[in-house]
Amino acid sequence: MNLKKYPNVHVINHPLIAHKMTIIRKVETKTTEFRRITKEIAMLEGFEAFRNLKTTKIKIKTPLEETIQPTIDGSKLCFVPILRAGLGMVEGFTDLIPGAKVGHIGLYRDPKTKKPVEYFIKLPKNIKNMEVFLIDPMFATGGSAIDAVNCLKKRGVKKISFICMVAAPEGVIAFSKVHKDVPIYIGALDRKLNSNKYILPGLGDAGDRIFGTED
């Protein structure tokens, strides 16, 4: 796809991410290793996604002298995984910024109305004043991410970014049409969706592989 049409989309082309993505794509990769590498990929993506975080200056003392140096106020940041697979990436981000808050969004679509239903929402009380990073490993049709951003926006959140490991062009296009103001950070942009809406080549169901619930 022509990414020039989608300035909000950032594909993180990094050899370490590509290498680790290859490992978790393998069908023989077991739950323990899959979970560990998912965390590592999240940390690597975080270096890019957090590039523009604001810092404030504080006075510290080194072994040699007093100096003014930058620091990040984690209390103004919130990581929000989309349940359940998004949970697998959270620890990678909180290891980088331990002071950040963590919210949760659980959604499903009503089979009759086709409208999103919020079955679990837990966010910090001052979420509207925070910078929020929405997290989900898989970005297939884009539906869950679109609905989750809608949930955040209706609660007054102004600054939102979305981070995923693997995306399909179909999801990127659908999301960008609705939320072109939301930056997307992608570890790998794959080829397409199959007839069952799974990403190809993809890595299967990330939630099942993270939590060991494959059939």
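How do the residues of the lining of the second largest pocket divide into nonpolar, polar and charged? They divide into four nonpolar, three polar and six charged. The views below show a predicted model, in which local features need pLDDT of at least 70, side-chain atom pairs count only at pLDDT 80 or more, and totals for chains, interfaces and linings use all residues. Residues are numbered from 1 along each chain as its sequence is written, and side-chain values use heavy atoms, with hydrogens and water left out.

**View 1. The second largest pocket holds about 280 Å³ of space.** Among its 13 lining residues, Lys54, Asp73, Lys76, Leu77 and Glu131 are the closest to its centre. A pocket is an open set of points on a 1 Å grid over the protein atoms alone, where a 1.4 Å probe fits, with protein on both sides within 12 Å along at least five of seven lines; lining residues have an atom within 4 Å of a point. The volume is the space filled by probe spheres set on the points, which are joined across faces, edges and corners. Ala, Val, Leu, Ile, Met, Phe, Trp, Tyr, Cys and Pro count as nonpolar, Asp, Glu, Lys and Arg as charged, and the others, Gly among them, as polar.

**View 2. The largest pocket has about 590 Å³ of space.** It is lined by 22 residues, of which Asp136, Met138, Ala140, Ser144 and Asp205 are the closest to its centre. Helix 4 gives the most to this lining, with three residues. By class, the lining has ten nonpolar, eight polar and four charged residues. Helices (H or I, at least four residues) and strands (E, at least two) are DSSP runs, numbered from the N terminus.

**View 3. Arg25 and Asp190 form a salt bridge.** Their closest N and O atoms are 2.7 Å apart; a salt bridge is a side-chain nitrogen of Lys or Arg within 4 Å of a carboxyl oxygen of Asp or Glu. Arg25 lies in helix 1 and Asp190 in the loop between strand 11 and strand 12, so the pair ties together parts that are 165 residues apart in sequence. Arg25 is partly exposed at 24% relative accessible area, whereas Asp190 is buried at 9% (buried is under 20%, exposed over 50%, partly exposed in between, with a 1.4 Å probe and protein chains only).

**View 4. Arg155 pairs with Glu118 in a salt bridge.** The closest N and O atoms are 3.0 Å apart. Arg155 is partly exposed at 29% relative accessibility, and Glu118 is partly exposed at 28%.
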